[in-house]
Amino acid sequence: MDRLKKHLQDHLPEMDVELPQSDLWQGIQQRIAPAQPSKGMLLPMKMMRWVAAASVLTVVGLASFLLTQKRDGASVVQMNLPVEQLPLTKEVVPQKTNETLVVVTPKTETPKPTKKVLPQPNKQKLMQNFVANQPKKKTSIKVVDSAQILRTNLANVEWKKVSNDFELILVAQKQRINRTPLLVEDPSYFDSFKLALQQLENDEKKLKKEMANGTEMNDQMLDQLIQINQQKLNLLKQLQAEINRMNERNKLKPKSENNTTSFVNI
Amino acid sequence: LTATQNILTAVVDRAAKGDANAQEQLYRQFGKAMYNICLRMSGNTADAEDLLQDGFVQAFNHLHQLKMAEQFGGWLKRIVVNSCIKHCKQRIRLNNLDENVERVDENDEDWWQHIGLDQIHFAIKQLPNGCREVFNLFVLEDYSHLQIAEALGMSVSTSKSQYHRARMLLRAQLLPQLKEHG
């Protein structure tokens with residue numbers, strides 16, 4: 001080992017001569033992620049989890065019930081029609097007349113007696129009328145996974161909400177930075193912030209594109225979106241703090257003729 | 001020593017559980033040393049403060065991953081040094097780093113023996129980008145030239161030449177001060 005290296009390593013603690021600013025800890029504290037729950041918080045957190053689980057179950061149950069109801073209403077008619085007579089969409093609703101009763105009767109060889117049994121000739125005639133009124137187009141049956149639709153819709157609502165909420169705050173912060181006059185320092189000094197922000201925005205665009213392309217939304221993607229936006233916000237806050245710090249320093253310096261006021265355009 | 005380690009372990013455990021007081025205690029204990037590392041690596045106060053903040057935030061957010069609490073100091077230092085390397089790597093322009101620095105033969109004298117360590121600290125801060133980081137990593141963080149080359153994305157010979165350049169500049173800066181002030 002060379003002697004200078006050994007000398008400095010032997011006296012390393014003596015080289016730590018400068019102290020950080022006293023308010024630096026507050027900045028660190030603000031940026032530390034929320035602490036893990038302490039014992040005192042366990043009960044409310046457990047309760048919160050149960051409440052959240054119950055809410056999710058209620059929403060899913062309600063949605064399934066509504067979707068099943070809707071599907072059943074349409075399927076009563078579909079079951080009794082020949083394949084070529086199947087309706088195009090689910091919107092086909094049975095008519096509220098006596099004729100409907102004839103149509104919904106199960107199509108078996110020995111029909112069960114109903115309360116309103118119509119004479120046989122009438123029944124045949126009505127059936128013919130109904131069949132004649134149906135569209136002649138042949139259709140294929142589209143199988144729709146209602147749970148999948150529900151899941152995707154909920155996820156989309158969630159990420160759009162996150163994105164919009166953050167956007168409002170980010171725009172406000174950007175405006176504040178753009179309004180802050182910059183003393184002496186050249187705005188290009190802050191280019192690294194702009195570059196970092198641009199990178200984050202590119203990442204966000206890429207993620208949103210993936211979501212828009214129909215990739216199934218999951219917790220990880222939502223977390224990524226939140227994280228990117230939080231990083232953007234932190235970056236803008238740091239930029240604001242840096243500008244303020246620079247301005248404060250320049251206020252202390254004696255004024256010279258070269259002092260100019262400019263703005264960071266972000 | 002064991003008692004001190006036990007105290008540190010207890011504080012780190014509490015900090016890992018999110019105890020703000022314990023986290024502050026760790027900051028008070030290690031903040032100064034880490035800040036001086038950041039200062040010597042970055043060369044300016046504004047960057048050093050940012051790097052110190054980033055290092056502590058990263059450490060506290062991942063403290064649950066630290067398996068041996070008594071090793072907190074070394075673990076934190078690695079995080080801080082890595083943050084500094086990442087930061088410096090963006091600023092170093094490799095084209096400007098000359099591989100052919102003339103070496104000065106210093107074998108005949110230990111010129112640093114009578115120079116205050118605080119003066120050396122301030123002189124290191126004033127070294128130009130590139131050689132400052134290499135000097136810090138090689139001398140104070142005990143990296144090999146191969147490790148420095150990999151970390152900063154330069155060749156081993158560049159790392160070596162920048163180290164000698166740093167020594168030469170330090171000598172040129174500090175020796176006149178010594179002669180002037182005795």
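In the predicted model, chain B and chain A bury about 3,700 Å² between them. Carbon and sulfur atoms account for 58% of this area. On the chain B side, the residues that lose the most area to chain A are Glu49(B), Gln53(B) and Leu117(B), which together make up 17% of what that side buries. The interface brings 48 residues of chain B into contact with 30 residues of chain A.

Polar interactions were also examined across this interface. Between chain B and chain A, 20 residue pairs are in polar contact, both partners having pLDDT 80 or more. The side of chain B that touches chain A draws at least two residues from each of several helices, namely H2 (20–42), H3 (45–61), H5 (117–125), H6 (131–140) and H8 (156–181) of chain B. Sorted by class, this side of chain B comprises 22 nonpolar, ten polar and 16 charged residues.

Side chains of opposite charge can pair when their charged atoms come close. Eight salt bridges are found across the interface of chain B and chain A. One salt bridge links Asp142(B) with Lys5(A), and the closest N and O atoms of this pair are 3.1 Å apart. Over all chains, the search of the whole structure gives 17 salt bridges. Asp142(B) is located in the loop between H6 and helix H7 (145–152) of chain B, whereas Lys5(A) belongs to helix H1 (residues 3–10) of chain A; the pair therefore joins two chains.

The second largest pocket has a volume of about 500 Å³. Its lining consists of 19 residues, and those nearest the pocket centre are Gly27(A), Lys237(A), Ala241(A), Arg245(A) and Gln53(B). Three helices each supply at least two residues of the lining: H2 (24–31) and H8 (219–252) of chain A, and H3 of chain B. Of the elements involved, H8(A) gives the most to the lining, with seven residues. By class, the lining of the second largest pocket contains three nonpolar, eight polar and eight charged residues.

Definitions and conventions
Residues are numbered from 1 along each chain as its sequence is written. Chains are lettered from A and ligands numbered from 1 in the order in which they are written. This is a predicted model: local features need pLDDT of at least 70, side-chain atom pairs count only at pLDDT 80 or more; totals for chains, interfaces and linings use all residues. Side-chain values use heavy atoms; hydrogens and water are left out. Contact means heavy atoms within 4.5 Å. Buried area is the accessible area (1.4 Å probe) that two parts lose on being put together, summed over both. A salt bridge is a side-chain nitrogen of Lys or Arg within 4 Å of a carboxyl oxygen of Asp or Glu. A polar contact is a pair of N or O atoms within 3.5 Å; within protein, one must be able to donate a hydrogen and the other to accept it, and residues adjacent in sequence count only if both atoms are side-chain atoms. Helices (H or I, at least four residues) and strands (E, at least two) are DSSP runs, numbered from the N terminus. Ala, Val, Leu, Ile, Met, Phe, Trp, Tyr, Cys and Pro count as nonpolar, Asp, Glu, Lys and Arg as charged, and the others, Gly among them, as polar. On a 1 Å grid over the protein atoms alone, a cavity is a set of points where a 1.4 Å probe fits but cannot get out, and a pocket is an open set with protein on both sides within 12 Å along at least five of seven lines; lining residues have an atom within 4 Å of a point. Grid points are joined across faces, edges and corners, and a volume is the space filled by probe spheres set on the points.
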